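Here are my notes on the model you sent over.

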Amino acid sequence: MFTGLVCLIDLTPRLRRTRRNGKPFDGEILIDINHILMSAAMIWMSWSMESALALWVQVGVFAMLTIVLVPLLVRARAATARVDVAGHLVLNAAMIWMLAAMPLLMADMPMDMGDGSEMGMDGQMPMGDAAPMMMATPIWVDVVNVAFIVLSAATMLWWLSRLIRSGHHRLHAACHAVMAAGMGVMLVLMNG
C-alpha cells in the first residue's frame, strides 16, 4: 500500500504540470502508474482468489506496461538511469511471472475454505484418504521462481543503495525498494 500511495501522491502534481504544459507523459508518470497498478494487484491477490480471466487480464496489463517502459531504457543516457529503468522492468517481469505461474506455484497448497474444510488451488475438494493427490509444483517452476526472487532481491539492494547515496528522490527510492522486497516475499510465499 505504501508504494501505491507514494506513487499516487507523486503522480497527481506531475499530471497537472503535464496538462498545463501540454507535454506528453514522461517516464516518471509511466513508472508511477506502473507502481500504483502493481501495488493494487499485489494487495488484491493477497486477499482474494483470482479467476483465470483476472490473472490473464493483469498479465496483459503488465506486459503492455513493460513494452511502454522499454523505450525509457533505450533513451536513458546515464548508467544509473539505465539501471533504474532495468529495475522497473525486472519487477514487471517478476509480476508477470507471478501472475502467470500462480496456479503452478500454489498447486500443492491447500486453502482453508472457512468451514474447516480445505480445497487445493486446483479447485478440488480433498475427500479424506480417497482424496485425489494435489499436483506438485514442477521443478522448472521452482527454478524460475528462485531466479525472480534473486532478481527482486538484487533490485531491492539497488534501490537501497540509491536511497543511501541520493540527496533527492529518497522517498521514491524507498518506495521502489519496498516494492522489490514485497515482490520477492510474495514469490517466496507463493512457492511455500
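Predicted model: local features only at pLDDT ≥ 70, side-chain atom pairs only at ≥ 80, totals over all residues.

**Notes on the helices and their packing**

1. Let me start with one residue. Leaving aside its neighbours within four places in sequence, A177 touches M156, W159 and L160. A177 sits in helix α6, and its relative accessible area is 5%, so it counts as buried.

2. Now the overall layout. The protein chain has 6 helices and 2 strands, and along the sequence they run α-α-α-α-β-β-α-α. Of the 192 residues in the chain, 38% are buried. Among contacts with a separation of 6 or more, 71% are between residues 24 or more positions apart.

3. Back to α6, which I'd look at in some detail. The helix has 21 residues and reaches 30 Å from its first C-alpha to its last, close to the 30 Å expected at 1.5 Å a residue. Its buried residues are H172, A173, C175, H176, A177, M179, A180, M183, G184, M186, L187 and M190. The cover over these buried residues includes α1, α2, α4 and α5.

4. Next, the pairing of α5 with α6. Helix α5 (residues 139-165) packs on helix α6 (residues 170-190) at an angle of about 160°, and their axes are 8 Å apart. An angle over 145 degrees counts as roughly antiparallel, and α5 and α6 are therefore roughly antiparallel to each other. Their crossing is left-handed. On the α5 side the contact residues include N145, F148, I149, S152 and T155, along with M156, W159, L160, R162, L163 and I164. From α6 come R170, A173, A174, H176, A177, A180, A181, M183, G184, L187 and V188.

5. V188 lies in helix α6 and is among the residues that make the contact with α5. Buried or partly exposed? V188 has 44% relative accessibility, so it counts as partly exposed. Between V188 and F148 there are 9.7 Å in space, C-alpha to C-alpha, and 40 residues in sequence. F148 is one of the α5 residues in the helix contact.

6. Which residues does H172 contact, leaving aside its neighbours within four places in sequence? They are V6, C7, D10 and D32.

7. Helix α1 (residues 2-21) packs against α2 at an angle of about 145°, with 9 Å between their axes. The crossing of this pair is left-handed too.

8. How many disulfides does the structure hold? The count is 0. The sulfur of C7 has its closest cysteine sulfur in C175, at 3.8 Å, which is too far for a bond; the cut-off for a disulfide is 2.5 Å. C175 is likewise in no disulfide, with the sulfur of C7 as its nearest cysteine sulfur. C7 has 0% relative accessibility, so it counts as buried, and C175 is buried because its relative accessibility is 0%.

9. Last, α3. Does the span of this helix agree or disagree with what its 24 residues should give? At 1.5 Å a residue, helix α3 (residues 52-75) should span 34 Å, and its end C-alpha atoms are 36 Å apart, which agrees. L55, Q58, V59, F62, L65, T66, L69 and L72 are the buried residues in α3. What covers them includes α2 (27-47) and α4 (79-105). Both α2 and α4 are also included in the cover over the buried residues of α6.

Methods: Residues numbered from 1 in each chain as written. Heavy atoms only, no water. Helix = DSSP H or I, 4+ residues; strand = E, 2+ residues; numbered from the N terminus. Expected span 1.5 Å × (residues − 1). Buried < 20%, exposed > 50% of the residue type's maximum accessible area, 1.4 Å probe, protein only. Contact = heavy atoms within 4.5 Å. Axes fitted to C-alpha atoms, helices over the stretch in contact; angles between N-to-C directions. Parallel < 35°, antiparallel > 145°, perpendicular 65-115°, else oblique. Left-handed = near helix turned anticlockwise from the far one by under 90°.
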